[in-house]
Amino acid sequence: MSPRSASVNEELRRRSKERLLQAAVELVGEHGYDTTTLGDIADRAGSARGLVSYYFPGKRQLVQSAVHRLMHRTLEEALEREPSTAEGPERMARAIDAILGLARDRPVLMRQHMAGLLQAEVGFVPCPEQRRLAELLRDTVARHGSRDVDRDYPMLRALLMGAVFAALVPGVPMPVLVLRAELFKRYRLEWEMGVPPDAEAPDGTTCDTDLSRFFSTGVPDQPIVTDRTGRTTQSK
């Protein structure tokens, strides 16, 4: 058997990393951060334990990257859903509803994410997933009419993080509807924009337990093969 090409090895590594990210959000969402071990994540992903350490410095960084992936894909899905629009106010409303929706629908996962950000030994870890989330939010701010995105994007990020934190504080959570109203007032948005609480949620905005659409792990049971030119394909 001839050795695998560099492109095949790269695709296998990408799939392994995607499976670890998906397993992390699933397990932490189901059982919480402290109960979930790196071994549990590796087992769920069908990966060797050593691969987790190869891709991520530790559990906190893995979970932070996984939640940032969930956040940026949820936001991306909300912004691009039909009917498609380039209007700044509508896109800002969709962005606010997407992030508040995660706090409402996935409280365990988002609470653990916020707790991790506040830990001094880890803190805020820049990663490709976080950068994509930042790009989407910066674009939202720009389309909303900002004259200084470098100033207004950090404010939007801070307001959204603060709203998520307020919605998830144990014992004294603020209602998501109250937080939504305050954010909509700040950005001069009509209540009917985005996904109003009394409206039927469009596809992709409900709490779907199947998160596979956010993680490109490849088609199950179809191994990677290479043709005579060395291109990567999947067997039928």
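Is tyrosine 55 buried or exposed? Select tyrosine 55 in this predicted model: the residue is buried, with a relative accessible area of 18%, because anything under 20% counts as buried.

Tyrosine 54 is exposed, and its relative accessible area is 58%. The rings of tyrosine 54 and tyrosine 55 make an edge-to-face aromatic pair, with 5.0 Å from centre to centre and 75 degrees between the planes. A search of the whole structure turns up three aromatic pairs.

Next, select arginine 60 together with tyrosine 33. Arginine 60 lies over the face of tyrosine 33, 3.7 Å from the ring centre.

Two backbone features come next. Most peptide bonds are trans, and most residues other than glycine have a negative phi.

Go to proline 83, in the loop between helix 4 (59-80) and helix 5 (88-105). The peptide bond leading from glutamate 82 into proline 83 is cis, and its omega is near -5 degrees.

The last stop is arginine 188. Look for this residue in the loop that runs between helix 9 (176-186) and strand 1 (224-226). Arginine 188 is not a glycine, yet its phi is positive, at about 55 degrees. The residue is also exposed, with a relative accessible area of 76%.

Definitions and conventions
Residues are numbered from 1 along each chain as its sequence is written. This is a predicted model: local features need pLDDT of at least 70, side-chain atom pairs count only at pLDDT 80 or more; totals for chains, interfaces and linings use all residues. Side-chain values use heavy atoms; hydrogens and water are left out. Rings of Phe, Tyr and Trp (its six-membered ring) pair if their centres lie within 6.5 Å; planes under 30 degrees apart count as stacked, over 60 as edge-to-face and the rest as tilted. Buried means under 20% relative accessible area, exposed over 50%, partly exposed in between (1.4 Å probe, protein chains only). A charge sits over a ring if NZ of Lys or CZ of Arg is within 6 Å of the ring centre and within 35 degrees of the ring normal. Helices (H or I, at least four residues) and strands (E, at least two) are DSSP runs, numbered from the N terminus.
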